[in-house]
Amino acid sequence: MTVLDYRCDAGPGEPAVDEQHALCSFSYVRRGTFGYCGRHGIQELVAGGTLAGLEGDEYRCTHDHHRGGDECLSFQFSAETAEGLGLPRAVWRSGALPPLPGLAVLGELAQQTAEGRTNLGLDEVALAFAVRVGRAVIGRQEPALRLQARDRRRAVRAALRLDEGSREPLGLEDLAAEAGLSPWHFLRVFRASLGVTPHQYLIRARLRHAARLLVTDLPITSVAYEIGFGDLSNFVRTFHRAAGVSPRGFRRASRGDRKILQDRLASAS
């Protein structure tokens, strides 16, 4: 297994090139946005999302909506390791996954581990991430709404706005007004483009930030207020529901409690 730090500074107007997945992989999007053109057509990825790839499959990446590029942490699995995970072929070919809370929390834990900020092994976190991707893909339905490029662009820009202002009380009407759409139409466009609602994306942006802060010594109450939760109990419930473990348990996992990582973080629904 190999873990790669991908950083791309491509922007609008730059030509897309044909590429091929060298290995079976799951790539966690840490920052930015890009389009993925593969078996499922054009899919948009934003921070907190995950890209699955099957060895040998061809694809193109586009950067039509954002000049800031993107950054991904990519877990590349050999054929033997991928087979040992026991995931259906359809999981590796699922393409873009939306910012799911459990995956976002594990992705941030993996990033902190890659930077040497936890007492875990990067390989064990990567395997836990892969197991959870498999659980997330099974039964997932694709949105039925047909989208134009300008609608996808609106959704991506709104997601970037939520990333930048995740501590702010951004409402649906504010975001819709910035996009130039009615709240109802904006909600449909955002959900169909990115697989989650604006509110879900906002909460998951906050949870990604929380996962980064929980590997530090910052008090958990301070973490809750720092990321935009006005109530500690609400933060604890939300984080536990997303990660399958409390913030305190997540901190213990980052400091080397492998039982929490293997039994709870990787397998929670």
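Predicted model: local features only at pLDDT ≥ 70, side-chain atom pairs only at ≥ 80, totals over all residues.
**Strands, helices and cores, term by term**

Trainee: Strand β1 (residues 2-8) and β7 run antiparallel and are joined by 7 bridges; what makes two strands a pair?

Mentor: Two strands pair if DSSP finds at least two bridges between them, and β1 and β7, with 7 bridges, therefore meet that condition. Residues are numbered from 1 along each chain as its sequence is written, and side-chain values use heavy atoms, with hydrogens and water left out.

Trainee: Why is strand β7 called largely enclosed by the rest of the structure?

Mentor: Buried means under 20% relative accessible area, exposed means over 50%, and partly exposed lies in between, with a 1.4 Å probe and protein chains only. In β7 (residues 70-77), 8 of the 8 residues are buried, so the strand is largely enclosed. Both sides take part, as D70, C72, S74 and Q76 point one way and E71, L73, F75 and F77 the other way, and all are buried.

Trainee: Which strands pair with β3?

Mentor: Strand β3 (residues 24-38) pairs antiparallel with β7 over 8 bridges, and there V29 stands opposite C72. β3 also runs antiparallel to β5 (residues 50-53), with 4 bridges, where Y28 faces T50. With β4 (residues 41-46) there are 6 bridges, again in the antiparallel sense, and 2 residues lie between these strands in a hairpin. Finally, 3 bridges join β3 to the antiparallel β6 (residues 58-62), where C61 is the bridge partner of Y36.

Trainee: How do you know that β3 is mostly covered?

Mentor: Of its 15 residues, 12 are buried, and β3 is called mostly covered on that count.

Trainee: What makes G86 buried or exposed?

Mentor: G86 has a relative accessible area of 58%, which is over 50%, so G86 is exposed. This residue sits in the loop between α1 (79-85) and α2 (89-92).

Trainee: Why are α11 and α12 called oblique?

Mentor: Helix α11 (residues 247-254) and helix α12 (residues 258-265) pack at about 125 degrees, with axes 7 Å apart; axes are lines fitted to C-alpha atoms, for helices over the stretch in contact, and angles run from 0 to 180 degrees between N-to-C directions. Angles under 35 degrees count as roughly parallel, over 145 as roughly antiparallel, 65 to 115 as roughly perpendicular and the rest as oblique, and α11 and α12 are therefore oblique to each other. Their contact, meaning heavy atoms within 4.5 Å, brings G249, F250, R252 and A253 of α11 to I260, L261 and L265 of α12.

Trainee: What makes a set of residues a nonpolar core?

Mentor: Such a core is a set of buried Ala, Val, Leu, Ile, Met, Phe, Trp, Tyr and Cys residues joined through side-chain atoms within 4.5 Å. The largest one has 50 residues, of which F26, L109, F235, F239, F250 and L265 touch the most other members. Helix α4 (residues 122-137) gives the most to this core, with 7 residues. Apart from it lies another core of 20 residues, L170, L175, L181 and L202 among them. In soluble globular proteins, nonpolar side chains tend to be buried together.
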